Amino acid sequence: MSVPDYMQCAEDHQTLLVVVQPVGLVPEESFFRIYKRISAVSQVNVRDSQRVLYIRYRHHYPPENNEWGDFQTHRKVVGLITITDCSSAKDWPQTFEKFHLQKEMYGSTLYDSRLFVFGLQGEIAEQPRTDVAFYPSYDECETVEKRIEDFIESLFIVLESKRLDRATDKSGDKIPLLCVPFEKKDFVGLDTDSRHYKKRCQGRMRKHVGDLCLQAGMLQDSLVHYHMAVELLRSVNDFLWLGAALEGLCSASVIYHYPGGTGGKVGSRRAQGGSLSAEAGNRHRPGALTSNGINADTSAEIGRAKNCLSPEDIIDKYKEAISYYGKYKNAGVIELEACVKAVRVLAIQKRSMEASEFLQNAVYINLRQLSEEEKIQRYSILSELYERIGFHRKSAFFKRIAAMQCAAPSIPEPGWRACYKLLLETLPGYSLSLDPKDFSKGTHRGWAAVQMRLLHELVYASRRMGNPALSVRHLSFLLQTMLDFLSDQEKKDVTQSLESYTAKCPGTMEFITLPDGLKLPPVPFTKLPIVRSVKLLNLPTSLRPHKMKSLLGQNVSTKSPFIYSPIIAHNRGEERTKKIDFQWVQGDVCEVQLMVYNPMPFELRVENMGLLTTGVEFESLPAALSLPAESGLYPVTLVGVPQTTGQITINGYHTSVFGVFSDCLLDNLPGVKTNGCTVEVIPALPRLQISTSLPRSAHTLQPSSGDEISTNVSVQLYNGETQQLIIKLENIGTEPLETLEVTSKTVNTKEKLYGDFLSWKLEDTLSQFPLRPGKIAIFTVNIKVKLDFSCQENLLQDLNDDGISVSGLPLSSPFRQVVKPRVEAKPVNPQESSKAGDFSHVKTLEAILNFKYSGGPGHVEGYYRNLSLGLHVEVEPSVFFTRVSTLPATSTRQCHLLLDVFNSTEHELTISARNNEDLILHAGECQRMAIQVDKFNFESFPESPADGTQFANEKQLEEERQQAKGLEINSKLDICWKIISFHKYFVEGVLNQLVLEHLQLAPLQWVCFKSKFNSVLLVLINLMTQRGPLLRSNGPSALSELII
Amino acid sequence: MSSSSRLGGAARPRAQHRHSGPSTALAMATAPASRDRPASRDPPPPSRDAGRGKMAVCVAVIAKENYPLYIRSVPTENELKFHYTVHTSLDVVDEKISAMGKALVDQRELYLGLLYPTEDYKVYGYVTNSKVKFVMVVDSSNTALRDNEIRSMFRKLHNSYTDIMCNPFYNPGDRIHSRAFDNMVNSMMMQVC
């Protein structure tokens, strides 16, 4: 007896063992089909009685186990069913011979046997035989079940006769000594007449009868017999058989108490039959006694009521029985099986601690040297039993050992597949799931050391199985979930082996389905690198789309009758947290910034890192990066191009690290900061690139309104000079450029500027529109710088104080009084006065040219783009008019205008005026030039209405008039300067105010021009139209407006 | 009953093919079998001839959620073996806790007694009221050790653990890195108290 049956349970004691075997060439599939049908007939109600017979079928049973059949009758093969394939009649005798040979193998114990012949037809099949059944084929054998039932009934008849035969044997008659194989030699030469020996025979026989009763479905009788056997055997210290009697008692009690069975897998079937048998046994007992004529002494010796053991007693008796078995080395299998049976009973009783003691004992039972396969079976069953009593960790431990055993070095062909399968089954015991999502919440809570070991083993087993995809998956899982527990060296080792595996089979994001249906979810490397924040970036300023303001749209967007309400503002604020308030443009490169860091102690190479999006077709442009070891936060910009329009949501990113492709979704990442992941993509717009004829400037403008300048150009000009700025407009986008609007804005308006600083004709450019992609249009801007040519105010003041120079200067006293306070107000603007006198002061003018352009589908939707060009002009002084004065000429309608001209450039230049020869000035030279001019009559200009309705209007009108007068003077004088190598430039504006009063006709208007420091008093008295003086006073602030 | 003591199983000839054999199969094949710890953290090698011999060979503190807060064993070269021993002992701890769950809280005995014996070791358990478990593995050859001494060792361990919990910088649920605790565990592994 060397092969333990680990599947045994207590109720197997009541079964009859039938072996079903094929003879000759029987296809395995067909055999098992028939075997299945046969084994379905596992319990049979015997005719004429309410007893139930249970049958245990085996297709393989070692004959040496059969030798223990006297010890426990359920180990005895009592029936043999042989299945054979016989196609022709002439094979028949041979087949029948084989059947007889087969019978001889179990011959000593068989009650009956059957032969099922398939495929044979003809006269042989016609002969009616009890022990042979003929079927034409495996498909036409409806009567198999019926045959089996008949067969079992015949078994029952034999069993019953044996039972009755043994039970009625009177003590004192010659009772044979039943013994187990290893005892046989011990009893040679023993005194068979001794009382001790007889008692031993009696006890063993009682126990045997108990077994038979149990098998025959007479539970109560069996209990009685077992009790008697225990008493008898205890008195003669026959420990092995005492153990067997105790175990029989336990088995019968278990069958009584737990009709549902302890084996687990066939519970429901037994539940019904078991309870029936228990009841049947109860009800039937008195009847059985009388009808079958069992002598009454069994019931007389032991009280009937207490025959059955209580659940607690069952365990005690099991313990006792096992301790007796333990005394015999050869009974190891019996002991082991008893332990297993007891554990099953305890599992039902939910007494895990005691069960674990039994199991612990079973672990120590030393059988002969086991084969590797038997070891695996043994560990597996230990694992299963531990599982049954709720010791999941212990169960996992043994299962893991079983798995290791499958691949032990001593096995010539390691079963890595089986090893892997068993390892997978240990996962729950180590509270490990293979879904990385279970680990994403917070820190890892598990027994990392053992889990890591298991994962390593899974990796190794799957690799040896020849499934590199699996090992990559497990190794990725190990790296992702156990990263915190890996030492630096281990991290290196794991990544190295991962890289070597992925060289053959890259890791994917697919589910891996195992043959047994288990699905291994993909493992995205969310920790390699760790992402801390995700931020969607706006387009660069020059590419940002703007919505054209429409009055209607504005009103519709705020659905409130109130102009302002804090509630609405609050609501909007909330919306804004979810949605980003800028837009992306279809076809343009959009950026997302991630802050990442590398937790590994070595450089981490991340390849093919790109964005995962939904909502809009998005062309991700992957990036490759290399993060230094244990880097701090490291910004990474991922880019892509939206191909369609609508709402785009950034769901995550994909990477390829160590050859494993991962899709990391932001939802699954703990502790990631984002500013919102949904942004609107608007239709495509053209892109404009500008290049100019002027050099780029390092000087950047600081625009007031906050928008950025994409390009800055600078130019250096002399005062009065004009230059053309040629701007090339290139459409570098993919959409046609349809509309263009140009506006300019002068910043730094400290300087007085005459005339238009920038002027252009847009029509010429627009005629080339729409501008196809890749085409260039030319846009010309004229830059004209005309600043003040008068040197500084203080110089002019000198001039005015010069009595000779001013005609009709005497001022009446009231005007003086008015002047005074203006003079005192001078220190109000000290900065300008302090600058005075600096001849070589280079002045700067700055302006921004704004190009609003649009086109393509974006234009239809009402979007445009804004591109700004910063213009930085440095104005160097050219000529200064340091003094202006007039001398009366021969005619009162004419006068001589005297100008002191100063050349502040480093070049020689000429000054020319109308009706005058050129005056040549060397660098730094100052000369006086005299021009004879006609005095002006300004009557032709519109006068201000006498009853000026509004001050602003009057002022405006006055300005216009001044300007017109200035133009008139300019055209009259036509003063221009010229540097020999340069063009001719006109002096404009400066002289307007200075010269004005000198050149006006005296009789009609008496004009007083008074300039003191920077305050100017201008008094105009129109004698012709008004009797009283009209006084207009302009302070320094008003002055600039007036001049422009 | 005389049989029950034998069921505990010390007297029987033992199987040679138990856990040690197969577990080496993958040890050489896959990852490092024993974790390299920085040398500074190793306790001074206990001298067997220092009189009364060593006591515990492994001390573990296990969180309520059954993951190790602290585990330390004397033969550091085979630490994983103790990990397995302690891990499987949790089954018994769980079982014992659930069995005494019905008892009143203040009457509860924290000491769980012998969890299970293996061939070479005995495993003892102790559970605090907050369900933090202490597991101690003792060499089974050390017969001098009485139940009472084990009990007092656990009490010492509990006191030391309480000190750690009092540290405001210790985050409950984190691994224990405390020199005081290390020293105390060392003293338990060194000699009889």
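Modeller: In this predicted model, A:Arg388 and A:Glu384 both belong to helix H14 (residues 372-388) of chain A; because they are four residues apart there, about one helical turn separates them. Their side chains meet in a salt bridge, with an N to O distance of 3.4 Å. A:Arg388 has a relative accessible area of 32% and is therefore partly exposed. A:Glu384, at 27% relative accessibility, likewise counts as partly exposed. Elsewhere, A:Asp5, A:Arg56 and A:Arg58 are joined into one network by salt bridges that share partners.

The salt bridge between A:Glu320 and A:Arg234 has its closest N and O atoms 2.7 Å apart. This pair links distant parts of the chain, with A:Glu320 in helix H11 (residues 311-325) of chain A and A:Arg234 in helix H7 (residues 219-235) of chain A, 86 residues apart. A:Glu320 has 9% relative accessibility and so counts as buried, the limit being under 20%. A:Arg234, by contrast, is partly exposed, its relative accessible area being 35%. Over all chains, the count comes to 29 salt bridges.

The axes of helix H15 (residues 392-406) of chain A and helix H3 (residues 79-100) of chain B come within 7 Å and cross at roughly 145°. On the side of H15(A), the contact is made by A:His392, A:Arg393, A:Lys394, A:Phe397 and A:Arg400; on the side of H3(B), by B:Tyr84, B:His87, B:Thr88, B:Leu90, B:Asp91 and B:Asp94. The residues of this contact divide into three nonpolar, three polar and five charged.

As for the sheet in chain A, six strands form an open sheet of mixed pairing in the order E2-E3-E1-E4-E5-E6. Its edge strands, each pairing on one side only, are E2 (43-45) and E6 (132-135) of chain A. Helix H1 (residues 28-39) of chain A lies across strands E1 (15-23), E3 (52-58), E4 and E5 of chain A, and runs at about 160° to E1(A).

Notes
Residues are numbered from 1 along each chain as its sequence is written. Chains are lettered from A and ligands numbered from 1 in the order in which they are written. This is a predicted model: local features need pLDDT of at least 70, side-chain atom pairs count only at pLDDT 80 or more; totals for chains, interfaces and linings use all residues. Side-chain values use heavy atoms; hydrogens and water are left out. Two strands pair if DSSP finds at least two bridges between them. Helices (H or I, at least four residues) and strands (E, at least two) are DSSP runs, numbered from the N terminus. Contact means heavy atoms within 4.5 Å. Axes are lines fitted to C-alpha atoms, for helices over the stretch in contact, and angles run from 0 to 180 degrees between N-to-C directions. Ala, Val, Leu, Ile, Met, Phe, Trp, Tyr, Cys and Pro count as nonpolar, Asp, Glu, Lys and Arg as charged, and the others, Gly among them, as polar. A salt bridge is a side-chain nitrogen of Lys or Arg within 4 Å of a carboxyl oxygen of Asp or Glu. Buried means under 20% relative accessible area, exposed over 50%, partly exposed in between (1.4 Å probe, protein chains only).
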